[in-house]
Every structure is written in C-alpha cells, then in structure tokens.
Amino acid sequence: MSTKVKDVDNTMPLPPNEMPKCWNEEERIGSLFSPFRSKSANPQDWVSKYKFWQNLIYEWLKHTKKSSFSIADLNSAFKRKGCTPLCLITVVEELIRNNEIIPETEFLKEPCESWTAWSVDIFMKRPLIWSLAKVKSYIVNNEINREARYVHLQVVREFADILFSLLEAKKENILISFSDLIKSYRSTIDKNISDNTIMLLLIWLKREKKVVFRTSDNKNELLIKIAVHPSDRISEIEEGLYKLMKQENELIKEIELMEEEKVNILNEIKSCLTKGLRQVAKAHLKKIKKLETTIEKRAQTLDNIRSVIISIQNTHTNTAVLSAYKTGSKVLKKLNESGLSESNVKDVMDELSEALEEQKEVEFILSESLTNDDSNTDLEAELTELMKLNDDAFPSVPNTKINTDIDKLQKDLTNLRIEETIIPKVSPKSKNIHDKKMLKQPELECV
C-alpha cells in the first residue's frame with residue numbers, strides 16, 4: 001500500500017504540499033486539462049485557466065532546476081491518471097506573446113551589439129505574427145513537434161543571479177573552467193542541476209555583459225571570467241596564467257600522492273624488517289630513493305612555475321603602473337601648455353609670500369590695544385607695593401578729626417553765594433563795534 005502512495009507522489013510535478021488544491025478535484029482538473037474555448041465566450045474562465053498553467057509551469061521549472069522545457073516535457077510532467085493536458089499549445093502561444101518564454105534556438109543565437117538591442121529585436125520589433133508563426137512551425141502534418149524547446153526568461157534570470165554570486169566568490173582565480181564551475185555549483189548549491197541549464201545561465205549572463213567566456217586554445221575547455229567592463233574579454237595572457245596555475249595545482253596534488261606513497265613504503269619496510277625479510281626491505285628502500293628523487297624534481301618544477309607566475313603578475317602590475325604614469329605625463333603636459341611653468345610659478349609664489357607678509361602686518365596692527373598696557377601694568381605693580389607697606393608709613397587719622405573737617409566744608413558750601421552784577425543792554429550797533437569785548441565776569445564772594 002505504501003509503495004503505491006510513493007508511486008503516486010513521484011508522478012506529481014511538485015511535492016504534494018506544493019501542488020494546487022484543485023489537482024485532486026476531478027471536475028475542476030478535467031476542465032483545466034481540456035482545450036481552451038473561445039476567449040470571447042468566457043474571458044474570465046479563459047484567463048483563470050491560463051494563470052493556472054502559467055504558475056504551475058513556473059513552479060515546476062524552479063523545483064526541477066530547469067530553465068528550458070519542451071511540450072513533451074510538460075506532457076510527461078503533468079500527466080495525471082494516464083491523461084495529458086490538451087491545452088498546452090495555447091499556453092505556450094500565450095507565454096510567447098507575453099515575452100515570458102523564447103524559443104531556445106533564438107536564445108542561443110549570438111546577441112546583437114548589446115543585450116538591450118537583442119531584447120528589443122526579439123520582443124518589440126518582430127510582430128505578433130512572428131510569435132504565432134514560430135509556434136505553428138513546430139507543427140508538422142497537424143502534429144505538434146513535441147521536442148521543440150523554449151527558455152523561460154524569469155527562471156533563467158533567477159538562476160543566473162545565483163550562478164553569478166558563485167562566480168564572484170571565486171573571482172580571485174581570474175578564470176574558471178566550465179567543468180570546474182559545474183562541480184562547484186553541484187557541491188555548494190544544487191547537485192541535480194544539468195550541464196545544459198548551467199550553459200543557458202552563462203549565456204544569459206553574457207548577454208547582460210556580466211561574464212565573458214571563450215574556448216581554450218586546445219578546444220578542450222570553456223573558460224569563464226567576470227566582466228570588469230562591457231567590452232572586456234579573455235586575453236591570451238590571462239589564459240596562459242590560468243594554465244600555469246592549473247599546472248601548479250596538479251603538481252601539488254602529484255607531490256602529495258608521492259609523499260603518501262613514500263609513507264606507505266616505509267611502513268612496508270618496517271613490516272619486512274619485523275619479519276626478517278631484509279632483501280625485500282632493501283628493494284623497498286631503493287624504491288623510496290627513486291621516489292624521493294622524483295619528488296625533488298617535481299618540487300623544483302613547482303618552484304619554477306611559481307616563479308613564472310609571480311613574474312607574470314609583477315609584469316602585469318608594472319604594465320598597469322606604467323600606463324598610469326603615461327596618463328599622468330599627458331595630463332601634466334596639457335597643464336604646462338596652459339601656462340604652468342617654472343618662472344610663472346616662482347612669480348606667483350613670490351607675490352603670494354609678499355601678500356601674506358602684508359596680511360600679517362595688518363593683523364598685528366589691528367590686534368594692538370588702544371590703551372598703554374605697560375603703563376597700566378606699572379601702576380598696578382606700584383599700587384600693590386604701596387599696599388604692602390607698614391601702617392607706620394601711613395599713620396591713621398582719627399575719625400573725629402575727619403568728621404569735624406567734613407562739617408566745616410559743608411558749612412562753607414552753604415554760606416557760598418554769587419554777588420549779582422547788572423549788565424547794561426547793548427545796542428546792535430555798539431555790539432558789532434565791541435563784538436570781541438569780554439563781559440565782566442561775576443565775582444565769587446564768601447561771606
């Protein structure tokens with residue numbers, strides 16, 4: 001009984017908990033499996049049916065880690081109780097019309113000058129008749145070409161972002177081979193992804209100018225590199241450096257294996273000596289000597305390769321530095337042509353120095369105090385010294401005498417009066433004659 005349930009689960013396109021609830025409703029699923037009726041007759045039902053298959057195809061591709069499919073794949077995946085959907089050709093037509101999928105043959109074509117131009121050419125310039133004609137071309141003698149493949153663009157975009165993050169984590173290696181990339185993806189992200197899916201993801205990234213790739217000189221490997229700028233490409237120097245680094249890793253692994261073999265032989269020698277097999281032990285010892293000689297040669301080769309790698313990297317750095325120097329030299333020459341010369345700079349610096357000196361003098365004058373600080377300082381010091389003198393130098397005056405003097409002064413001020421003096425009137429004429437004559441001042445008389 002449990003075996004039958006397991007078989008049923010395996011025939012489902014998605015895990016049971018992710019399948020639409022209507023999948024087990026006979027009447028509803030029968031309607032969804034039937035061909036589309038006229039859209040004008042019942043638009044709401046037509047759209048609802050299309051949305052069901054649109055979402056189910058998208059979720060199935062994500063679950064199975066596929067970015068492309070054929071109608072044969074869909075018929076096989078969505079087969080239920082021996083019945084296959086009869087509406088998938090209409091679904092595919094609508095997906096193409098909505099620019100959600102594209103025939104794989106078009107996707108694999110070399111892009112135009114840019115991804116934008118390619119997408120405009122595919123999705124905008126070509127009329128709807130082209131899309132429908134493409135689908136019709138897969139129908140021969142009223143039978144659908146079940147093997148024609150389509151690429152789901154949204155799924156490709158999502159998977160490509162994951163692949164690009166993996167490449168960024170390995171960008172210190174400059175280049176990576178297609179086979180190594182597949183191994184890395186399967187070991188870290190998804191072990192079930194196919195080579196074809198990885199290739200489609202790389203093509204997408206290439207169209208977006210995120211990566212570049214080329215086949216190696218011996219045509220045995222596809223080399224991949226993250227694009228630094230849109231016009232970037234893999235140079236022969238980068239490919240040569242990749243090969244040297246690969247040879248370096250292979251030598252390291254070879255030396256490690258020989259070291260392990262050496263340890264095993266040593267253990268065999270100990271075992272032979274324990275058993276008294278000295279001649280066998282000597283034979284093993286000769287083998288160790290030869291092995292040590294080989295290890296030494298491999299180590300020397302490894303050292304030479306590393307020296308070459310360092311030299312190449314240094315040369316690349318020096319080339320970049322030299323290029324920067326050339327750029328700087330051109331900029332400086334252009335600046336010199338604009339009037340920057342030794343004599344001009346010296347004149348400007350002299351004028352600047354003179355202006356700064358004048359500014360300092362002005363600041364000094366403005367910062368001087370308007371009072372004589374030195375005289376104030378001297379007075380303060382003298383006053384302090386006087387206050388420190390003994391009371392004998394300044395004998396105190398009795399308060400009674402002070403009070404008597406104050407009373408006398410107040411009395412004299414009270415008795416003080418002004419004697420009036422009659423000033424005769426002066427005519428204007430005589431005033432003009434005696435304009436400068438001083439009038440007699442009143443006299444003060446103390447009574």
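Two strands count as paired if DSSP finds at least two bridges between them. In this predicted model, strand E2 and strand E5 (residues 149-152) meet that condition, because they pair in the antiparallel sense over 3 bridges. Within this pairing, isoleucine 102 stands opposite valine 151 in E5.

The two strands belong to an open sheet of 3 strands, ordered E1-E5-E2 and with antiparallel pairing. Its edges are formed by strand E1 (68-70) and strand E2 (101-103), each of which pairs on one side only. From one strand to the next, the twist averages 35°.

Two helices are placed against these strands. Helix H3 packs on the sheet and touches E1 and E5, while helix H5 lies across E1, E2 and E5. Their directions are given below.

| Helix | Residues | Strands | Angle |
|---|---|---|---|
| H3 | 43-64 | E1 and E5 | about 120° with E1 |
| H5 | 88-97 | E1, E2 and E5 | about 100° to E2 |

A further helix, H9, spans residues 153-169 and contains phenylalanine 159. Is phenylalanine 159 buried or exposed? Its relative accessibility is 6%, and buried means under 20%, so phenylalanine 159 counts as buried.

Leaving aside neighbours within four places in sequence, phenylalanine 159 is in contact with Leu61, Lys62, Lys65, Lys66, Thr197 and Leu201. Of these contacts, Leu61 and Lys62 fall within the residue range of helix H3, 43-64.

Methods: Residues are numbered from 1 along each chain as its sequence is written. This is a predicted model: local features need pLDDT of at least 70, side-chain atom pairs count only at pLDDT 80 or more; totals for chains, interfaces and linings use all residues. Side-chain values use heavy atoms; hydrogens and water are left out. Helices (H or I, at least four residues) and strands (E, at least two) are DSSP runs, numbered from the N terminus. Axes are lines fitted to C-alpha atoms, for helices over the stretch in contact, and angles run from 0 to 180 degrees between N-to-C directions. Contact means heavy atoms within 4.5 Å. Buried means under 20% relative accessible area, exposed over 50%, partly exposed in between (1.4 Å probe, protein chains only).
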